Amino acid sequence: MNVVIFEDNNYDSFYPISLTRPLWELRIGCLSLRERIVHYINENYSRANLYFFTRDYLVPHFRQKYPELRINDYSIFDSNEDILFINCTIIPDENIANPQRNVLVLHDNIPMIALVEMNRLRGESVNIVALLLKSECKTEMRNNSIKRLEYVWDLVRYNDKMIQDDFRYFQKFRINDEVNNVTIIGDANQIVIEGNVKIDPFVCIDLTNGPVIIRKNTVINSFTKIEGPCYIGEDCIILGARLRNGCSIGDCCRIGGEVEQSIFHGYSNKYHDGFIGHSYIGEWINLGALTTNSDLKNNYTTVKVYLSGTRVNSENIKVGCFIGDFAKTSIGTLINTGTSIGVGSMVVHSGAMAPYHLPSFTWFINNVIIDPGNFKQFIESCMAMTSRRQIDFSESYNDLLMRLYHMTQDNREKEILKWKRMQR
């Protein structure tokens with residue numbers, strides 16, 4: 001069977017995390033959206049050929065990053081075999097099992113899943129959503145039964161539930177060695193610790209509300225408390241942190257202080273004290289000491305979040321911040337509820353809270369948003385950061401960030417002009 005895993009056209013709803021990655025690379029629970037759907041395919045179909053589709057500007061870098069994946073490979077349409085299309089923002093469960101042939105399942109008029117004969121596909125569109133909407137398939141609206149991620153805060157909101165659901169994939173990694181000098185509260189069968197994990201004395205793991213997964217080569221320092229559900233990836237260092245329920249820590253992160261119901265995508269530093277709650281932190285981010293975000297307004301009203309040119313009501317009262325790749329904050333940075341900090345940006349605390357939206361590749365310094373205007377210097381800092389983790393900064397990564405720098409120029413100019421007008 002041929003399977004196409006695609007992102008729909010609502011990638012701006014996952015701003016700014018989606019600027020530098022396909023939607024199928026977003027994380028929730030213990031897995032990326034891609035990994036979860038691949039698990040589903042492997043469990044339900046044999047010998048499936050997988051194809052992945054995303055925005056064109058992301059393709060060169062992700063082809064280099066994942067040479068084993070077929071990304072935007074249109075040769076699939078040269079075959080006469082049926083194609084199973086799966087929207088990567090769907091949460092696979094029994095409600096999408098056994099799709100009917102030539103029936104397009106929609107959620108809010110967005111294609112979710114379809115098993116389509118090749119002769120039903122019409123047109124020359126390279127956009128999968130447009131191709132499906134033009135196909136000669138019967139449409140079926142399934143708003144009530146399909147579980148779909150619609151906004152960036154949904155990843156955070158449902159993270160604890162998804163860790164619990166994903167736990168079954170990791171039980172095979174459990175080692176039988178007794179964990180010494182660790183206080184375990186709750187059912188010890190709810191913990192998975194892989195090989196070569198080092199846990200210092202005086203660590204508490206609380207399994208009362210859900211499982212805890214700690215991947216290989218991770219170090220847990222003394223005086224750390226971990227509350228399940230919680231996932232900690234490979235090669236992490238947890239420095240006396242308080243990881244409250246609902247946290248997912250990607251590979252190669254350094255985490256200290258207090259974190260609650262948040263996702264760290266990977267390779268990011270929150271080494272020191274400070275609070276991060278109900279937030280999604282991208283890759284290669286450095287949060288300075290005492291960086292703290294608010295995730296609850298004092299009047300308990302719902303939080304608005306900046307998405308694609310406007311602030312959108314999340315209809316949730318617990319929403320933190322969303323920080324794009326290669327962003328940095330200085331010591332003492334204060335971040336308000338619903339704040340979006342763009343790719344490659346920097347916040348230097350000067351007494352005021354960070355703005356609700358900091359455009360990509362800008363600085364907030366001396367309480368003013370500016371364009372530092374030195375892309376070369378930015379790339380040099382990226383290279384220095386990745387080299388500290390023995391990761392090569394690839395030419396394709398450089399090209400992706402340069403493309404994004406030009407794509408976001410209008411947004412930078414508009415936000416800076418708007419900020420200047422506010423200061424008059």
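Predicted model: local features only at pLDDT ≥ 70, side-chain atom pairs only at ≥ 80, totals over all residues.
Leaving aside residues up to four places away in sequence, Ser 360 touches Tyr 15, Leu 19, Gly 342, Val 343, Thr 408 and Arg 412. Ala 130 is 230 residues apart from Ser 360 along the chain, and the C-alpha atoms of the two are separated by 29 Å.

Helix α6 comprises 13 residues. From its first C-alpha to its last it reaches 18 Å, close to the 18 Å expected at 1.5 Å a residue.

The buried residues of α6 are Phe 375, Phe 378, Ile 379, Cys 382, Met 385 and Thr 386. Viewed down the helix axis, these residues fall within an arc of 120°, so they line one face of α6. An α-helix has 3.6 residues a turn, so residues three or four places apart point the same way. The elements covering the buried residues of α6 include β24 (286–287) and α7.

**Packing of α6 against α7**

Helix α6 (residues 375–387) packs with helix α7 (residues 395–407) at an angle of about 145°, and their axes are 11 Å apart. The crossing of α6 past α7 is right-handed.

On the α6 side, the contact is made by Phe 375, Phe 378, Ile 379 and Cys 382; α7 contributes Asn 398, Leu 401, Met 402 and Tyr 405. Classified by residue type, this contact has seven nonpolar residues, one polar residue and no charged residues.

Note on methods:
Residues numbered from 1 in each chain as written. Heavy atoms only, no water. Axes fitted to C-alpha atoms, helices over the stretch in contact; angles between N-to-C directions. Helix = DSSP H or I, 4+ residues; strand = E, 2+ residues; numbered from the N terminus. Left-handed = near helix turned anticlockwise from the far one by under 90°. Contact = heavy atoms within 4.5 Å. Nonpolar A, V, L, I, M, F, W, Y, C, P; charged D, E, K, R; others polar. Expected span 1.5 Å × (residues − 1). Buried < 20%, exposed > 50% of the residue type's maximum accessible area, 1.4 Å probe, protein only. Arc of directions from axis to C-beta.
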